[in-house]
Every structure is written in structure tokens, then in C-alpha cells.
Amino acid sequence: MGQDAPYRILDKLPPQREKVETLEILRETNKATAALAELKGIANTIPNQSMLVNAIVLQEAKGSSEIENIITTQDELYKALTINKSNISPETKEVVNYRKAIFRGFDLIKKQGFLRVNDIIEIQHELIGNNAGIRSMPGTVLKNDTTGEVVYTPPQDKKEILDLLSNFIEYFNQDQNEISPLINLAVLHHQFESIHPFYDGNGRTGRILNILYLILNDLIDIPILYLSSYIIENKPDYYSLLNQTNEIGEWEEWILFMLKALETTSIQTIEKINKIRNLLDKTIEKVQIDAPKIYKKELVELLFEQPYSKIEFVVNQLKVERKAASRYLKELEKIGILESQKVGRETLYINKKLIEILKK
Ligand SMILES: Nc1ncnc2c1ncn2[C@@H]1O[C@H](COP(=O)(O)OP(=O)(O)OP(=O)(O)O)[C@@H](O)[C@H]1O
Ligand SMILES: [Mg+2]
């Protein structure tokens, strides 16, 4: 686009059908749909759903925030969630907030069966923590990180932004839509980023909306797709395709990119879930054989729900005394299932093998 990327009025949804349903798009849609269906099925075979959700949501939170160059380590994150520490880094705090925001959105979708513009504002607020809300001052432009050149100018006028958002949310909630929800997801994400309704957090809010849209359309039941991993690995394409679609008004490459992201991350998440399930089975077996006296299903499941565990968690989950809880954890460390680490006055017990699976 030209040097100053003048503002071009954004088209409202729906998109032109023939532009978003090319032969190649339809072919890719089938592949992505199949992968997602398999993911949904496999997720349902995990006995304790919160085990998965906790772990994978945290991974998505970490990944999506990394796109914004908010980097934190897995270790710091889990420690922040496990101990009430006052000195957690701002980066870690942002990731913890991202997780809260996904859960908030998930609750809203489950409760209401739709989303309102105000809910999007609430999700962004949970994420960013200030009360700025929808942009009301002009001046927001998207620049190329390295050259500083303005590549895209979103709508500047608050009334126009609100008008586009209400069109966006109407399309988001529509259940009588003939276009595949996966194609719509790509279209919606592009539209949301192009409206760019906030001063900050547009990318992350938009990526949360992607997951919520899948849940709304029954493509997954719980927020377990780790879509941001693909976006991180293909960040230059993500940015340039978002931009190109606006410039030339052609959807195909962008939609294909998002479909590939959905397919690839579904497959990766399936593998991850299979590995978690294997580890769970092996862990149960090992405790039954090596420490039969302390074996309880809930105890093992806790180690998967809380990969960084502590005495208090065991006390709460199993309704046992501190002394017993401490003995269980020490025993599990002795047979090689947990590794302990002292952090201040607290001893954390880490399910290292699970952490390894989650990391990749
Ligand atoms: N040319 C473009 N057209 C439309 N949207 C774009 C374009 N380039 C980038 N974006 C979107 O804007 C987001 C960045 O906006 P913003 O900084 O408000 O969000 P964020 O959540 O803070 O950042 P990030 O997405 O990097 O985590 C990108 O993630 C991308 O989704
Ligand atoms: Mg930002």
C-alpha cells in the first residue's frame, strides 16, 4: 500500500460468498473439519476434563501472549499460579490474565449461548486491565515493526467502530449460516483485527474470540485448541496476509492460512492429548504397583490438574490432614513421579513428565 496507507472504508459482513468458498478453500475446510472432529472426540475420552483445560489453556495463553512479545517461562507461570507471590513479573501477570479472559469468555458462551459487544469489551478488559474500552481518540495505525511504515489504518471514528462491531457480533452469533463455521472463523478474525476496536490487546482478544467461536458452533466443547502455536511459527505470514486481504480484497490466501492453522493445531493437540492420557495411565499403574497404600485416583488426577502441586491442594482435593497430604507427596517423589522444589517457604511438587509434554 502507499506510504501513508489511507483509510479505506471497511466492508461489513457477510463477505461475498464466491470469494470465500473457492474450490481450494472448500477442500481445506474438509480437512480441517475432520481434524477438529477427531480432536473433539478424543478430548471427550479424557476422564477429567479440567485436567486438559487447565494445561492447554495455559499453553494457549502463553503462546498468544508471545505473539505480542510477552515472554514468560512455563516454570514462572506455574509458580505464579501455585503460590500467592507478590513479585510475579508483568509478563507472567499478562499471561495469567489471558487465561482468566479465556475462562471468562467460555463461561459467557456457555451461559448465554451468544456473545454481546459488551462481553468482548469485558474480555479485553480482563486481558489488559485498564478501563480504556473502545477507541475514542483517533491516531491508531498499524505499522511494520522493522520499517515503521504505516501498513494499515483502522477506522478512527468511535461511532463507525461501534457500528462495525455490531455488524461483527451479529455475524458471530448467526446460527443459520450456510458458509462453514471454519471459513467464517477466518473471516471473523480478519474483520475483528481490521476493526481493531481497542488501543491494545486486539490480537489477543481476537484469538480468544476464535476459540469461543468454535465452542459456540459445537466444534469443540472446551477451550482446548492451541491455535496460537501455529500463528507464532508463521507470524510473518499472519501479519502479511491480514494486511494483504485488506489491500486487495481477496480472501483466499488468508482463509487457507487459517484453515491450515486449525488443521495443524488440531492434529498437534490430538497428539498432545494422547500423550497426556498415556502418561496418566502409566502414572496410575506405577502408583498402584510402587505405592499401593497411598493410591487414590483423585490423587493422581490432581497431579495432572495441577502439574505444580502442593500440600494444600492435596488437603483440599482429598479432604485429608496436612500430615497425610505431605506424606503422599513425599512418597510420590520417592517413586519418581514428582520432583520437589523449594520456593520460599513453600515446597512445590512438580509433575515433570507432564510439563515436558506440555512444553512441546
Ligand atoms: N495489517 C493488518 N490488518 C489488520 N490487522 C492486523 C494487521 N497487522 C496486524 N494485525 C492484527 O493486530 C494485532 C496487534 O494488535 P494489538 O497490539 O492491539 O493486539 P495485541 O493483542 O496487543 O497484540 P498481539 O496480537 O501482537 O498479541 C495482531 O496480532 C494482528 O492480529
Ligand atoms: Mg499490543
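## Domains and their contact

The domain assignment of the protein chain, whose bounds come from an automatic or database assignment, gives domain 1 (17-270) and domain 2 (291-359). This is a predicted model, in which local features need pLDDT of at least 70 and side-chain atom pairs count only at pLDDT 80 or more, while totals for chains, interfaces and linings use all residues. Residues are numbered from 1 along each chain as its sequence is written, and chains are lettered from A and ligands numbered from 1 in the order in which they are written.

The C-alpha centres of domain 1 and domain 2 lie 33 Å apart. Eleven residues of domain 1 are in contact (C-beta atoms, placed from the backbone, within 7 Å) with twelve residues of domain 2. On the side of domain 1 that touches domain 2, the elements giving two or more residues are H3 and H4, and H3 gives the most, with five residues.

## Helix H5

Just after H5, Gly113 takes a positive phi of about 75 degrees.

The buried residues of H5 pack against helix H3 (49-67), helix H4 (74-82), helix H6 (117-128) and H9; a residue is buried if 20 or more other C-beta atoms, placed from the backbone, lie within 10 Å of its own.

Terms used:
Two residues are in contact if their C-beta atoms, placed from the backbone, lie within 7 Å. Helices (H or I, at least four residues) and strands (E, at least two) are DSSP runs, numbered from the N terminus.
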